[in-house]
Structures are given as structure tokens and as C-alpha cells.
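Please keep the sequence and the coordinates open while reading.

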Amino acid sequence: MTSQVPPFPACVPELTDGRVQLRAHRDDDIPAIVEQCVDPESVRWTTVPRPYGADDARQFLDLVRQGWDDPKGQRYWAIEWTDDDVRARFGGTIDLRPRGSGGAEIGFGLHPDARGQHVMSTAVRLACRWWFANEGRRVTWWANVGNTASWRVAWACGFTWHGTVPEYLPLPDGTLADGWVASVGSDDDLTRPVEPWTHDPGTPVVADAEDTRDDGPMTGGERETLLHWLDLYRETVLLKIGGLDAEQLCRRSVPPSTMSLLGMVRHLTEVEAYWLREVLHGEDLPDYYCTRESPDGDFDDIDPARAAEDVAAYRDEVTRCREAIDAWPDLDVPGRGRRHGKEVALTWILTHLVEEYARHLGHMDLLRETIDGRTGY
């Protein structure tokens, strides 16, 4: 005789570590489900209906039942946790979406009352162990770029970082968001992070620094004045990106423009190298970011995983370009290279760089304000 799988909810395996339990959803979870789905963080990072009410929660529970009743369907659990007063609390939902050949994608959402309790990392480990015990081979995690809470859960549970996929995850408005992706296999250790992931989205790429800028030599000569303004604007770039993490630096926050703070840093790196090493000194340099295949690669090909590397490249290029200027004593002597076949003197180059920085720092003012509200010179 063929054994019959009992219908929902009896078919849902209960998984627990003693404090956190994965169980079947119940009708009495509906108020807590609504609370979770109207929480600002849930609205920000998920595609739950807007607005969300009890009828939406009932439709969700119908979807949960259908998933378990289908032998190949999506597996949802309600997360329950015990608080310090030994009360059982609804903690959210976790699910596994089978993708064939032993693979599944994992999704999870936390009730706001469960934050900071290490509930979700335990739930992820319980769900993954169940999958691997039932002949699963790999679990893949996706999250919208910037969802640092989800990032930290996957990192803590031993997932291996694979990178960022541009315009991959659907948003409620029909557009696509950039996505982070990582995965864990049946032979991996779920109890500790895989070191290193390529970046920590919660850590500033450039620390906030004291503003040491001043007016400079207001009666100085031409060279001294031009160099003062160029260096002041170089310092301003670093002040404008101070205190932001990699995701914030990559945020294209003034659509439809593709500009971002990191893209601007990359662009200015190329500007410095082109004018002060290629045009002034005639050096033959490889492309930093913009290529024939990707002519706007400085802005288009940004990646949070490379943010620290890109900022370091800017700092290094500024150092090299300062040396290039110091090695060219006469402002009026044309450089060894050419601009569209024309000779260019250092006076023109420095004046242009001051103008270039001033223009782009105006862009950076707007980008920074849209990220965290910071304004100022």
C-alpha cells in the first residue's frame, strides 16, 4: 500500500531547538501576520500587498495550505519563539521554495517584536537542516541590495557570498531591484560565518572625518591657488561619502539618473588619471572602468562588493596625480600628451579639474541628501 501524506496542518513537520519552533500556521496567527506585514521594514523589503489587512492574511494562509498539500510545493512555517517571560510568541514566517535537483530558495520575514532575539538565524538553521535531511543539496538566499538585516542572518548561518545581480528582484511597482545572492550546501557548517564575505553592508566604507578645510592662500600665486582649490575639492569628495556603507554609496537615489556616490568617485578617479598622467605626462594607462564595451562603466558597473576597493583606487590615484603635478614645474608648458590632437598646458588642466570637481560635488550634495539628509558644503 502507498502511504498517504496527511493534509495540512498535520503534514507540517515541527522543528525546534527548544526556544524557537517552526510549526504550521494557524488562523489565530492572523493579527500578528498583519502586524508584521504593515511594519515599515516589511513594507520596505518585501512585496506584500499595500495596504495589508486581515483578508490578505487569510489569502496568505490559503497559499500556505496549498503549498503543503502539493508534494512539490512551497514549504511555509510559522516561527514561534519563547520570550523571557516564557510566553510563546509569533515570530514571523520562513519558507523553502523547491527548484529541482535538490535545490531550494529560502525566504523569511520577522515580526518586529522578535528583532534582536536571534530568532531568525535559528529558524534558518532549522529549515535548512530539515531540507538537507530530506535529500536537499543546496539552499539559496536572495535579498534586495541594502537589506542588511537579512544579509546578517545569511552570513551568520554559513552561507557563501556569490555577489550582486543587477535588476533581478521584482518590486511592487513592477520595476526590478539589484539583488544579493548567497547559498549554503548540505556539507557546510550552518553554525558559523564563512569568512570573509566581500563586504559588510553595515560598516562605513569611509569613516566620518573632521573637516579640516580652510580658505587657503587668498593672496597666493596662480599655481598655489589652483592647487589649493583642487585639494580642497578632493577632500570634500571624501567628506561627502564619509559614514556611508557600500549599499548607500551605490544607491542611485535621483532617478532616472544612473549617478551614485560610488559612481562619482570612480568617475573622478578616471578624470584625475586622464588629465594629469595621460594628457600631462603622456602615459599610456589601461582603462579603470570605462571601456569600449561599457563606455559608462564608471557609473553603470558599480558593485557594493568593490566599494572599498574603488575608494582606495581614488585615494591612490590622487596621490599619483599630486606627484605628477609636482613633477611639472611650469604651468604654461604644454603636456607631453594631447587632447583631441591639441596641446594642453597645466594651467588649463588645473582650471578644468577645479571646474569638474565643483560641478560633480553639486551632484554629490544632492545624492548625499537623498540618502540620509546630510547637507552642507
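1. Two strands are said to pair if DSSP finds at least two bridges between them. By that criterion, strand β6 (residues 138–144) and β8 are partners, antiparallel and joined over seven bridges. One of these pairs Trp142 with Val181 in β8. Please bear in mind throughout that this is a predicted model.

2. How many helices and strands does the chain have? The secondary structure comes to eleven helices and eight strands. The radius of gyration is 27 Å, whereas the globule rule gives 21 Å for 377 residues, so the chain is more spread out than a compact globule. A box of roughly 95 × 40 × 35 Å along the principal axes holds the C-alpha atoms.

3. Some totals for the chain follow. Of its 377 residues, 47% count as buried, that is, under 20% relative accessible area. Among contacts between residues at least 6 apart in sequence, 67% join residues at least 24 apart. The accessible surface is about 19400 Å², and carbon and sulfur atoms account for 51% of that area.

4. On charge, the chain carries 40 positive and 66 negative side chains. The centres of the two sets lie 3 Å apart.

5. In what order do the eight strands stand in the sheet? The order is β1-β2-β3-β4-β5-β6-β8-β7, in an open sheet with mixed pairing. At the edges stand β1 (15–16) and β7 (160–170); each has a single partner strand, so one side of each is left without a neighbour in the sheet.

6. Within this sheet, strand β3 (residues 75–82) and strand β4 (residues 88–100) run antiparallel and are joined by eight bridges. Trp77 has Ile94 in β4 as its bridge partner.

7. Eight of its ten residues are buried, so β8 is largely enclosed by the rest of the structure. Besides its pairing with β6, β8 pairs with β7 in the antiparallel sense over seven bridges. Thr160 stands opposite Ser183 in β8. β7 and β8 form a hairpin with five residues between them. In the turn, Gly174 has a positive phi of about 90 degrees.

8. The backbone has some further details to check. Most residues other than glycine have a negative phi, and most peptide bonds are trans. Glu135 is not a glycine, yet its phi is positive, at about 75 degrees. Glu135 sits in the loop between α4 (119–133) and β6. Is Glu135 buried or exposed? Glu135 is exposed, with a relative accessible area of 73%.

9. Glu167 also has a positive phi, of about 45 degrees, although it is not a glycine. The relative accessible area of Glu167 is 57%, and the residue is exposed.

10. Pro256 is found in the loop between α7 (246–250) and α8 (261–279).

Key
Residues are numbered from 1 along each chain as its sequence is written. This is a predicted model: local features need pLDDT of at least 70, side-chain atom pairs count only at pLDDT 80 or more; totals for chains, interfaces and linings use all residues. Side-chain values use heavy atoms; hydrogens and water are left out. Helices (H or I, at least four residues) and strands (E, at least two) are DSSP runs, numbered from the N terminus. The radius of gyration is taken over C-alpha atoms; the globule rule is 2.2 Å times the number of residues to the power 0.38. Buried means under 20% relative accessible area, exposed over 50%, partly exposed in between (1.4 Å probe, protein chains only). Contact means heavy atoms within 4.5 Å. Accessible areas come from the Shrake-Rupley method with a 1.4 Å probe; for residues, only the protein chains shown count as cover. Lys and Arg count as positive and Asp and Glu as negative; His and the chain ends are not counted. The place of a charge is taken as NZ of Lys, CZ of Arg, CG of Asp or CD of Glu.
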